[in-house]
Amino acid sequence: MTKLYLFVRRYLAVMMVFGAASAFAQQSVSGKVTSSDDGSGIPGVNILEKGTSNGTVTDSDGNYTISIGVNATLAFSFVGYTQQEVSVGSQTTVNVKMESDVTSLSEVVVVGYGSQDKKEITSSVVSLSTKEFNQGNVNDPTQLLQGKVAGLSIYNRGGDPNTGAVIRLRGISTVGANVQPLVVVDGVLGASLDNIDPNDIESINVLKDGSAAAIYGSRGSSGVILVTTKRGSSKGGGLSVTYNGYIAAAEVLNRVPIMSASQFIAAGGNNLGGNTDWQKEVTRTGITHVHNLGISGGSQNTTFRLSTNIREVQGILKKSGFDQINARANLTHSALNDKLKIDVNMAFTNRNSNFSFTEALRYASLYNPTAPKRFPSGEFFQAILFDNFNPVAILDQNINEGKRRNLNYNAKIDYSIIDDLTLTVNFGQQYENVLNGEYYSRNSLFRGLNRGGLARRYTSEKSFTLFEAYATYTKQFGKIDLSANAGYSFQQDNFEDIFISLGNFPNDALGYNALEQSGDLLTGITGANNINIQSNTSPTNKIIAQFARISLTYDKAIFFNASVRNEGSTKLGANNRYGLFPALGLGVDLNRYLQIQKIDNLKLRVGYGVTGSLPNDAGLAQELYTYSNQNGGAITKARAANANLRWEEKRETNIGLDFSIGGKFSGSIDVYSRNVKDFVSSVPVPFAQFGADRQFQNAGSLSTTGFEFNLNYDAIQFGQVRWTPGLVLSSYKSTLESIVGAPVQVRSNFGAPGQNSTPLIRVAVGEEIGQIWGPVFNRVSAGGSDGKEQVRDQNDPNKGVAAGGVIFADLNGDGQVLAEPGSALNPNGDYRKLGSGIPTMEIGWRNQLSYKNWDLNVFFRSAFGHSLVNSFRGFYEPLDAGAINSYNRVITSKAVAGLTEAKFSSLYVEKADFFKLDNATLGYTVKRSNSNGTLKNIRLYFSVQNAFVITSYTGIDPEPVLQDPGAFDNGAFAPTVGEQDVLAPGIDRRNSYFTPRTFTFGLSFGL
């Protein structure tokens, strides 16, 4: 033992001597690793002293420090970049610029129930990260994507802050069910975008075709949007704090072009002695404040992120906007040698909204400009005329506001049973509560006066529960890479609401908070007939599904994907509750075998998938009974049951080509065909057989064909200026194959005054969807000896058109000139397609430029081939000597001299092609390290949205109108979004919110 002890002691002494010598010979080297793409620092780069195990990684800004031996060589490596080796010599500072390596880059894309390398995807999927999102004043997550994804149409015409955007993915996919894409947030199906602040989103993936969405079964027919929120990070240890904030000012971009007071008087209008710009009186510069604070950190096994978002948003219409606070938390923990991973998310949103009244913008455009706002007594000026209200009084006398609270949470657990097999369990719940209130003053001619004051209250509660469990298996067998998963899904949702409408109040003091004071409750049967109380409770809606998917890769070049979902829903008839939704996909990297020089990727892919769609409402397969308190009360069977009601079904084929050339030029082309059948529709049935005259059945079908193109270049270099352009464009056409009722129908009447029976849209089997239909304008009647110009009309042989009236064109040459609508359903008559409400092409063009610390993002957006019915012109452009005493006149370059009759025709259908600078953002970044506790990465930016629009359309906004709320006039209430007609696009109604131009100044930094 003594000899062993002496040997060890001598050995350690020798090692200490050599160690000291080695330490004495080492040197300290520091530097920064940046990307050749944009010059930014790259965090997490591995730096290794070659031939040793001595190494380090770069910090969040790309900086590093390492002690190395004399004449050492450093090796720098990072995924997606070419590895570099640098001989240090006597240098103490070594800065490295790393070059992108496209061939080695493996981008992971989130798909249904997992993720895949981008090169292995065989369906049409688009992935966007934060750097690709739209910037500026963004209050809705959908605005981040607008114009960025080919085939994804997002339109929020006018920009009402309280109205969500209309979203269509590859056109309409249903008539009777949900037309909006399914949203999945952090793995939770059916999540609400209302509970996500745009600042908290890390990435968004869009599953566009059937083969990608089929794994979601009945809820994937309209496409799927996968949202991943930001997570915590343990890089560098400690806490990381980020702040993003901005202030924005929105002003009116376009107004309805109407007469001034002097022009109105000169045209023969009634002079009331005033001079009021009503459009100016009801609008304002809307100021928005947004603040986002995020805190993240953690350790090797646990990370977290907390964020709070505060938004105070003003719309350009007075009294419109909202105040919102949103909080989100994420905790991720790994245990058992990383075999167990727990991910917990929670979010809460509280929004207080003032919805204001878009009708004020309508009446501001037609109210007499010589009328004063108030009488000398101080009361609001108001003439009692049909569909004509003082717009300032509408805003000042009445209340329209609401509250909404959203809460959601989920916990996801992954456990690696063995190296190749992982079990995942995901449980989540969502809750939403809405409470709205309206009150119309006893003195308000707008909805209130004839009811002695009118109060309306609405409240609803919605809940959703999700439980899913699935296993994922991955294995490599020689040249074959296998990934497979299978699982179970359970979803349950409940909904209930109450609506109360009461009138006849003693005063306005308490508004809608004094329902018990309503005289309707105290005046017996007379008052009871004015009471409107509705309450609804949905049955417990459940969806139960089993699903499986397999992905195979052969030789790193041939890719196969298949999935199937068997799903049942209680919303459907007892005999048809379950449906099967399969999908197949095949892709080949052609260049692996063709070996074309400078081609990095050339992948051909083909996908086919079946998806379904559920109706929005519950219980449609069941009988419905209604109760009315009229005439002592009565219960009526309003709808018959249908035990055979089944899913709507969409079958879609997609062929795509992905390409990348020279590491710079990349893109994709997709062509697709989809067929949708079995719309869930309310159809008339024989009362004697069913005991009711309506029943929900599967009836109707449509087909859509289209193509999409995406092109990117990374990047064009001009000295230190770097320009990265990108282009997306898409086109589609939908054809109605069958429909409930007559094979040819007209719908969407123009409205009052005087045109309630004038349909605008033709819907016909075998024809394209979106046809604006009507008579063609020919000329203005010159009158005659009796004051009328005689025309031949098959409905009235003695028809005469007074001077200044409309004479339509005789298009079929039969000598009959229809002075009144009479052949709307006759394709061989004098009615024609006057335009299409759906664009034939939509384009987005992004431009990202950088110079040193400056960055400039310019995004253009356009749509071509669509038309709009300009409702303001159709009612208020003709100079009718009588009507001008009631309404102001619209003045445009398209007006026809001498025309005095307001009657719909081709004259009021305008091409609405547009090209707009949608968003331009100029930013400057001060790149600093926070190693001394100071701020880092300080960024200032200035943004303008809707900078300019080039269009020939004379209305306020040329963007497409993809669904029609119908005509509601003279103070009538607007229909809900679910009641809008998706088969009637292209009508620019008179209640549209004015479009804003928004200027934003923002600041972000980290600690």
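This report describes selected local features of a predicted model.

## Basis of the description

The model is predicted: local features require pLDDT of at least 70, side-chain atom pairs count only at pLDDT 80 or more, and totals for chains, interfaces and linings use all residues. Residues are numbered from 1 along each chain as its sequence is written, and side-chain values use heavy atoms, with hydrogens and water left out.

## Cis peptide bonds

A cis peptide bond links aspartate 714 to alanine 715, with omega near 0 degrees. Alanine 715 belongs to the loop between strand S37 (701-713) and strand S38 (716-718). Helices (H or I, at least four residues) and strands (E, at least two) are DSSP runs, numbered from the N terminus.

The bond from alanine 752 to proline 753 is also cis, with omega near 5 degrees. Proline 753 sits in the loop between strand S40 (744-751) and strand S41 (755-764).

## Positive phi angles

Asparagine 337, a residue other than glycine, has a positive phi near 55 degrees. Its place is in the loop between strand S20 (321-335) and strand S21 (340-354). Asparagine 337 is exposed, with a relative accessible area of 77%. Buried means under 20% relative accessible area, exposed over 50%, and partly exposed in between (1.4 Å probe, protein chains only).

Serine 748 is not a glycine either, and has a positive phi of about 60 degrees. Serine 748 lies within strand S40 and counts as buried, at 13% relative accessibility.

## An open sheet of 3 strands

An open sheet is formed by 3 strands in the order S51-S50-S54, with mixed pairing. Strand S51 (909-911) and strand S54 (987-988) stand at the edges with a single partner strand each, so one side of each has no neighbour in the sheet. Two strands pair if DSSP finds at least two bridges between them.

Strand S50 (residues 867-870) and S51 run antiparallel and are joined by 3 bridges. In this pairing, serine 867 stands opposite lysine 911 in S51. Strands of a sheet pair through backbone hydrogen bonds, either parallel or antiparallel.

## Asparagine 591 in helix H8

Asparagine 591 is part of helix H8 (residues 591-594) and is buried, with 8% relative accessibility. The side chain of asparagine 591 reaches the backbone nitrogen of isoleucine 596 at 2.7 Å.

Leaving aside residues up to four places away in sequence, asparagine 591 touches Ile596, Ile599 and Leu602; contact means heavy atoms within 4.5 Å.

Definitions and conventions: Polar contact = N/O pair within 3.5 Å; in protein donor to acceptor, adjacent residues only side chain to side chain.
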